[in-house]
Every structure is written in structure tokens, then in C-alpha cells.
Amino acid sequence: MSALSAFDSLSGGLPREDWDALAGNRLYSSYDWLRFCATDIGGRTATGAVHAAGAAVSVTAVAQEPNPFYQWNTQLTARGLPAPDAAGLLVGQRRGYQTHLLTPGGVTADSAAPALLDGVRSLAAELAGSELLDGAFGGPAGADGPLPCVASFVGTPDVRSLRAAGVRTLPVLLTTDAWVSIPEGGWEEWLRQLPSKGRRDSVKQEVKAFAAAGYDITREPLEDCYRQAADLLAGTQKRYGHSYDLHVLSESFRLQGAAMGAKAQVLFCARSGEPPVGFCLFYIHGDALFVRAVGFDYERLIRGAAEYFNLVYYAAVRIAAENGLRWLAPGIESADAKALRGARLRPLWLLDLSERSVLLGRDDEVRAYNAAELSRLSALSPAVSKALEHDLYAPFC
């Protein structure tokens, strides 16, 4: 596959219906999500895909990426590890924090990974000499070799498949990915499966406090309320010391709503006659409800009313149960809060696929970092330690 053909459409030339059949339950690999990634404001990137042996994976040519979570050089440097150049080929999409090798029924990731690995490495070699992104990558690959080729936010099974296919570096632990099981019995059964009676009592108290504060939860399509959601997201960015541009936040939500349509739904919480104090953007896709973004007007929150947990977890659990879903996917970070509400915590990894990776020969350093990070997570609380799916961390720690 040539550099241009990989990016001649969002799915690398594969018909949309065939791509979505491959993506299946994986929201952040779906065609509409790739459409959002391709149009989102900020950076200089191009979205596409590589497909081989009946399988596929999304890819992003990166000249400049503003999101630090997707800056592989930033992530590796922060961990005290060698880092490749910032421009190159991201294996995965640039938004969503989940990357998957996509295979049809009857084809395993192990069997497809060698062809996909060859495809993405060849693409990285061609990109440097191409005119994609207005020549942002400079001259031909030449003596310096191909551009960096890095996969981010990859689960353990796909990491294993890529390493079996010939990747010689160890993966670097990026973060935890939380998954909350939604039982058939709905809300009451979900309460019963929480880690302890004390936790169940705490949740019931938080639900009562929210109701006593007079809050109502309403629901709107993102397309109709993206400015209001952006204002509340700005409040969260400000509270946690993150830089933000309200225009960028608003435009990104507008583009997300345009790409995703009615799937992009927003919950607002407010008291009667007052503007909302919080929002939660979510998607129902396949058998899961995916929480995408959350924001609050912190100065207007009521002490003890648990607005965050009611909006992001308890309302989401009820909606998931009402729709017969199996999972709530509240995303990355905040491991303790998620574990206390019944989440299982799976690892997400950064894996440098480059044949001449700067991480070659650094296995001891990488494994030491991974082990230390796993120990740090385990020490956060007994709930986190129990929630970590240790068998998925163990191969690389």
C-alpha cells in the first residue's frame, strides 16, 4: 500500500460498510469516529488505514499533534525513556484512547499481525518522501531511514500479536482503561456487585444527596448544545490547571457532533430554572456505553451532592441497563474513583513498531518503569489493587 493510497479515504479505500463490519463494537475505530478525527481542530495530521490479510488498523500521519496524550515523544520523555522524533506515523486514531487491530470472523490477530506490521512499516518508510501534509515531513527517508512508527493505547492481546509478528521492543505502560460490567438485573444488581457493603451504602447516600439537592438530569444531542458543553468543559480544564481555548473546545465539539450525529448524546444536570452545573458526553455503540467528556461549573456545585458521580456513573449505569448493554466504559485515568464503582482496570500500552526503535536494547529500563507504575497503581487503594487485571500487566512488568 502506498503512502497516498493509505490516506485516499478514512478507511484506506475499504468501503465504509466493510470497515464498520471490521470495527464492530469498537467505537473509536468506527468510520464516523475516524471522520471526526480527520476533521478535528488543531494539529497537522491525516487520517487513514492500512489493511492486509483481511484485517485492518487505523493510522494517522502526524506532522504536529497538540494533544500531549498522543505525543509519543512527550509520553516517553516524561517516563525517563528515550523518545523518537515527534513527527511520524501513529498506528491508531488521534482521539479516543483505544487502538485495535481489526479482524473479521475466523481471522485471529496473531495471523493478521505480520501483514499489518509490514504494511505500517512500509507506510512509515514512504511518508517521509511523500508530499502528504504539504511535505511536512521533510525530504526522502534516505540515510536516516523511515519515520517513527508508534502504536498508542493498545491492549495487551494486540501487543502480544505485534510482538509475535516481529516487534522487538517492550511496550510502555500508558494508563488504565476502565470497564464496568452491567448485569442483567440492572441498577439493583449492579449495586449488589460493588466491592463491599460500605461502598454500596456510599453510592446509595450519594444518590439520595443528589436528589435532595433538587437536581434533574436532561439529555440532548451534542449538535444542539456543543457551546454549552464547551463552557462546562472549560471549567474543568481551568480547575485542574490545563490550558484551554474556549473556541477550540467549542469547535471540536461542533465537529464531533457533525461527524457522529445522533450518537453523540449529552447529559446535563441542573436545578429547576437554573443553567446546568455539569455535563457528560456519551455514546452508545455495540454493547457498551462510552463516556467521552465531562465538565462542571465548580463554583455552583453543592457541597456533598455528588454531582460528578451521579452524572458520570449512576445515570450512565441506568441508561446502559435500560438499553440492554453489557458494559460502561468510563475511559482512562482516575483509577481509584472507577475501581470503587465496580470497574475492572486493563492496561493500555505504547508500542514502538519501528525496526530501528530508540527503545531497542532498553528492555530492563522499560520493564522497571512498567513494574514501578503497576506498584504505584496497586498502592492507591485496596479497591484499585483488586480491580487491576494483573494477568494483562504481568507479561511486561
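Ala, Val, Leu, Ile, Met, Phe, Trp, Tyr, Cys and Pro count as nonpolar, Asp, Glu, Lys and Arg as charged, and the rest, Gly included, as polar. The model is predicted, so local features need pLDDT of at least 70 and side-chain atom pairs pLDDT 80 or more, while totals for chains, interfaces and linings use all residues. Numbering starts from 1 along each chain as its sequence is written, and side-chain values use heavy atoms, without hydrogens or water.

**View 1. The second largest pocket holds about 530 Å³ of space.** (A pocket is an open set of points on a 1 Å grid over the protein atoms alone, with protein on both sides within 12 Å along at least five of seven lines; a cavity is a set where a 1.4 Å probe fits but cannot get out; lining residues have an atom within 4 Å of a point. Points join across faces, edges and corners, and the volume is what probe spheres set on them fill.) Look for R26, Q98, H100, W179 and R346: of the 26 lining residues, these sit closest to the centre. β4, α6 (156–165), β5 (172–181), β9 and β11 (343–352) each give two or more residues to this lining. (Helices, H or I, of at least four residues and strands, E, of at least two are DSSP runs, numbered from the N terminus.) Sorted by class, the lining has 13 nonpolar, 8 polar and 5 charged residues.

**View 2. The structure has 1 cavity of 30 Å³ or more.** About 30 Å³ of space lies inside this largest cavity. Around the space you'll find V91, T99, H100, L101, A151, V154, D158 and L162. At least two of the lining residues come from β4, and at least two from α6. The class tally here is 5 nonpolar, 2 polar and 1 charged.

**View 3. Strands β3 (residues 88–91) and β4 (residues 149–154) run parallel, joined by 3 bridges.** (Strands pair if DSSP finds at least two bridges between them.) V91 faces A151 across this pairing, with A151 in β4.

**View 4. R95 and D40 form a salt bridge, with their closest N and O atoms 2.9 Å apart.** (That's a side-chain nitrogen of Lys or Arg within 4 Å of a carboxyl oxygen of Asp or Glu.) This pair ties together distant parts of the chain, 55 residues apart: R95 is in the loop between β3 and α5 (109–127), and D40 in the loop between α3 and β1. Across the whole structure, a search turns up 18 salt bridges.
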